[in-house]
Amino acid sequence: MLARLRRVPFAAQVLLALVVGVALGLVAREMGAVSDGSPNWLTSTLQTIGSTFVTLLKTLVPPLIVTAVIVSIANLRQVSNAARLAGQTLLWFAITALIAVAIGIGLGLLTEPGRNSSVDAAAQTEPGTTGSWWGFLNGLVPQNVFGLQGSAEGALSFNVLQLIVLSAAIGIAALKVGEAAEPFLGFVRSALAIVQKVLWWVILLAPLGTVGLIGNAVATYGWESLGSLGVFAGAVYAGLALVLFVVYPVLLRAHGLSPLRYFAGAWPAIQLAFVSRSSIGTLPVTERVTEQNLGVPRSYASFAVPLGATTKMDGCAAIYPALAAIFVAQFFGVDLAFTDYLLIVLVSVIGSAATAGTTGAVVMLTLTLSTLGLPLAGVGLLLAVDPILDMGRTAVNVAGQALVPTIVAKREGILDVERYRSTSTVDPLSRVEERAGVDVDLRRPEPVTV
């Protein structure tokens, strides 16, 4: 039996998990709550499975951010005109994010998803506090060397934005120190390889985690509530399709590159991102296809792709928060002014680092709603369809993370055009990342029984 499961493609495992999750969720909802009003055993089990999977991914975020950002910046030492390349990379990150958020706002105003939902607003809990734009800017300043922050309950958590600022500072310092920093950088590179290995073990649990996440969503909100969010979900996927299949090909054509060759080369990473729902988890494959199939020099790709995995989120940090903010505002009857839409653009372009490449865009959505002063109760409502939306969002994220280095390399004259145009592409799914020492076969990952 186990041998047969090993032959099941990973994508098929996840699709099967979606079906099983919906079925179990419907069963759990029919069972109803226990006598004291608490969830039944099946709902509790699904919730535990889903939350455990997300927690495992979140646990790896701090070490991944620190090691990936430090190593990517340190790798600039191998690149000529490093400062110019870094500036061009960040500029194109911002340009594509700006286009994506504009599409998100346009679709939100056109479809009015918040006015087409039948979910009961009274069932949502009103948040006690909201944030501000100045609070977001102040949050960029590290409060301690570990990026730790406390909550009202006394719990500690990592501030992702502060971790990125700290890691970037350390990486730049390592560049300035020079030869004396090599032992430290060697340690960080080894740590990154180890963390990536552990991360892939977690990603292998994606089918099981999907059962828990989608099952709990159906059991908690009901099929009717999920269906009532159909306009919002449709608008999100329409925006993702516009960016992936219209905006990106136009940018490639404008730089004399074939969109078909781009999709042929980057598709393994895009596909894995769709099923794994993690930009960080797809990072080794994204970097490999960017180098081997798209012709970006390794010295530059090893900087741009890891940086993009933590900051380049056209799906999670541009289209989705823009549409979600408009949805929440319409749902709660809040009128947005022109300055509010400008604020959405600023937060989406500048604050995308807050998503940190993990599954889901809850952090970015919370940041956007808090900055606008909108009810954070909308976060809980939209989580009902988040697992479904996150698959498409992550695929667009990873596509953008491969696109920008390709465009910048072409503009700077360092792209291997012959390799890009070659009809033969390297299959990165046969080996994840030889430089990181990861040797898992991604075409036939260890299956997870669901």
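Me: Helices are DSSP runs of H or I with at least four residues, strands are DSSP runs of E with at least two, and both are numbered from the N terminus. How many helices and strands does the secondary structure of the chain come to?
Reply: This is a predicted model, in which local features need pLDDT of at least 70 and side-chain atom pairs count only at pLDDT 80 or more, while totals for chains, interfaces and linings use all residues. Residues are numbered from 1 along each chain as its sequence is written, and side-chain values use heavy atoms, with hydrogens and water left out. The secondary structure of the chain comes to 18 helices and two strands.

Me: How far apart are the end C-alpha atoms over residues 322-350?
Reply: An unreviewed UniProt entry lists several stretches as "transmembrane region", among them 49-77 and 322-350; the positions follow the numbering used here, feature names are shortened, and annotations may be inferred rather than shown by experiment. Over residues 49-77 the chain is 90% helix and 0% strand, with its end C-alpha atoms 43 Å apart. Over residues 322-350 the chain is 79% helix and 0% strand, and the distance between the end C-alpha atoms is 13 Å.

Me: At which residue does helix 13 bend?
Reply: Helix 13 is mostly covered, with 17 of its 17 residues buried (buried is under 20% relative accessible area, exposed over 50% and partly exposed in between, for a 1.4 Å probe and protein chains only). Just after this helix, glycine 333 takes a positive phi of about 70°. The bend, taken as the angle between axes fitted to the seven residues ending at a position and the seven starting there, is about 35° in helix 13 (residues 315-331) and falls at proline 321.

Me: Which residues of helix 17 make the contact with helix 13?
Reply: Contact means heavy atoms within 4.5 Å, and helix 13 contributes Gly315, Cys316 and Tyr320. From helix 17 come Asp386, Leu389, Asp390, Arg393, Val396 and Asn397.

Me: What relative accessible area does proline 249 have?
Reply: Proline 249 lies in helix 9 (residues 230-254) and, leaving aside residues up to four places away in sequence, touches Val243, Leu244, Pro259 and Phe263. Leucine 260 is 11 residues from proline 249 in sequence and 8.4 Å from it in space, C-alpha to C-alpha. Proline 249 is buried, and its relative accessible area is 12%.

Me: Is threonine 59 buried or exposed?
Reply: Threonine 59 has its place in helix 3 (residues 41-74), and its C-alpha is 9.8 Å from that of leucine 199, 140 residues apart in sequence. At 52% relative accessibility, threonine 59 counts as exposed.

Me: Near what value is phi of glutamate 112?
Reply: Most residues other than glycine have a negative phi. Glutamate 112, partly exposed at 33% relative accessible area, is found in the loop between helix 4 (82-111) and helix 5 (133-138). Its phi is positive, in a residue other than glycine, and is near 50°.
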